[in-house]
Amino acid sequence: MPRVTLETLPDYARHLITAAEDAAACYPAARTIRLPRLELIAHVAPGVLAEALGHAFLEAEDDLAEPSTCRIFTVHPGIGGIPEPARWGDAHFTEYGFAERLAGAELRGHYFHDLDFWQVYDPERRIGVQLMTSPDAFPPWEPTAPLRAFLHWEYAARGMRLTHAGTLGANGKGVLLAGAGGAGKSGTVAAGLLNGLDSVGDDYVLIDLAGGVTARPLFSTLKQDPQGFARLGLQQRLMIESPLNWQGKHTFHIADIAPRPVPAALDIVALVVPHIGGGETSSIVPVSRRDAMIALAPSGIMQMPGERESGFRFFGDLTRQLPSYRLSLGTHPEEIAGTLADFLTRVVS
């Protein structure tokens, strides 16, 4: 099995892209997914990932913009001439050094040691490769937001950003919900959807700063731990029998609980940082831009490989454009949703 070093990394990345393109005819099918301003063509063998591509995305059916096309090959040995994944051969590995070396060669990439899982992307040609040791040797988070690293690199090249945040809104206006895991984002999104608000995503949304702050949907997945699932009354409503995910959470989809079809976009009017307040009722108060930046940027940058400097600049610009608030969450989903609906009405008027 070959070993890759920082010195040989760009050559290895280009070798993988060439090998995947040469094996294109060996795939049983390609799936085309229409996303905001992007047509994603994914070559993937049957299995869990192929199934995820069929249900994890919210496709942009009404997007009038002419899309660019990117092509992603999810490959493993046994397909055409696809090689065994290489291993990292240098004494030290840093995500930053890895990304910088590839960026110097006009490439993007990510390497997950535990699985010898490689992702490389050429943003100029819009071609990427996800190399695994076998069809199911992917990190456990991959099916809920498949190929998100490639979307991150592609949209970052256009000045947009996959952002780790939730959204809620009404009448085309909305708030961005930011915070680390456990802050209450997902429970707030689900509470809002169950009580008449809209959302364009929970874990990851696409943010565009051209002409204001706009959030667009990419992924349909929602998650809730068993306690939140019960508190929201979802066990009776959804009757889910599938096992909990790798985080010990139930997974379901926005359409399962949304009052209306998912809007194509929300114009974001405020950044809201939720936290578990411990009180009976919810409240919203202004928060400093510094605190908003701390809630928004670190998790979004840590979960997206590469583009760190551009990410800090992007989130800095975003927090300069939006007023920021802290939402102390009450204990009743209907009350939380009502508080946010009233807040939106006040901010928009």
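Figure 1. Thr214 is buried, with a relative accessible area of 9%, where buried means under 20% relative accessible area, exposed over 50% and partly exposed in between (1.4 Å probe, protein chains only). Strand β13, in which Thr214 lies, covers residues 214-216; helices (H or I, at least four residues) and strands (E, at least two) are DSSP runs, numbered from the N terminus. With neighbours within four places in sequence left aside, Thr214 is in contact with Leu206, Ile207, Asp208, Ala265, Leu266 and Asp267. Contact means heavy atoms within 4.5 Å. The structure is a predicted model, in which local features need pLDDT of at least 70 and side-chain atom pairs count only at pLDDT 80 or more, while totals for chains, interfaces and linings use all residues. Residues are numbered from 1 along each chain as its sequence is written, and side-chain values use heavy atoms, with hydrogens and water left out.

Figure 2. Domain 1 spans residues 3-158 and domain 2 spans residues 160-348; the bounds come from an automatic or database domain assignment. The centres of the two domains, taken over C-alpha atoms, are 27 Å apart. Domain 1 contributes 27 residues to the contact and domain 2 contributes 24 residues. About 2400 Å² is buried between domain 1 and domain 2, 66% of it on carbon and sulfur atoms. Buried area here is the accessible area (1.4 Å probe) that two parts lose on being put together, summed over both. On the side of domain 1, Leu58, Arg148 and His152 lose the most area to domain 2, together 28% of what that side buries.

Figure 3. Side chains of opposite charge can pair when their charged atoms come close. Arg108 and Glu307 form a salt bridge through their side chains, at 2.8 Å from N to O. On the side of domain 1 that touches domain 2, α3 (95-104), β6 (108-112) and α4 (148-156) each supply at least two residues. The largest share of that side, 7 residues, comes from α4. By class, the side of domain 1 that touches domain 2 holds 16 nonpolar, 5 polar and 6 charged residues. In this classification Ala, Val, Leu, Ile, Met, Phe, Trp, Tyr, Cys and Pro count as nonpolar, Asp, Glu, Lys and Arg as charged, and the others, Gly among them, as polar.

**Figure 4. Salt bridges among the 15 found in the whole structure.** The side chains of Asp198 and Arg260 form a salt bridge at 3.1 Å, N to O. Asp198 is in the loop between α5 (185-194) and β12 (204-208) and Arg260 in the loop between α8 (254-257) and β16 (266-276), so the pair ties together parts that are 62 residues apart in sequence. Asp198 is buried at 9% relative accessibility, whereas Arg260 is partly exposed at 39%. Lys223 and Asp203 meet in a salt bridge of 2.8 Å, N to O. Lys223 belongs to strand β14 (residues 221-224) and Asp203 to the loop between α5 and β12, 20 residues apart. Both Lys223 and Asp203 are buried.

**Figure 5. The salt bridge between Arg158 and Glu154.** The N to O distance between the side chains of Arg158 and Glu154 is 2.9 Å. Arg158 is partly exposed, at 26% relative accessibility; Glu154 is buried, at 1%.

**Figure 6. Two arginines with positive phi.** Arg37 has a phi near 60°, a positive value in a residue other than glycine. Arg37 sits in the loop between β2 (30-35) and β3 (38-43) and is partly exposed, with a relative accessible area of 30%. Arg126, also not a glycine, has a positive phi of about 55°. Arg126 is placed in the loop between β7 (117-122) and β8 (127-131) and counts as partly exposed at 26% relative accessibility.

Technical notes. A salt bridge is a side-chain nitrogen of Lys or Arg within 4 Å of a carboxyl oxygen of Asp or Glu.
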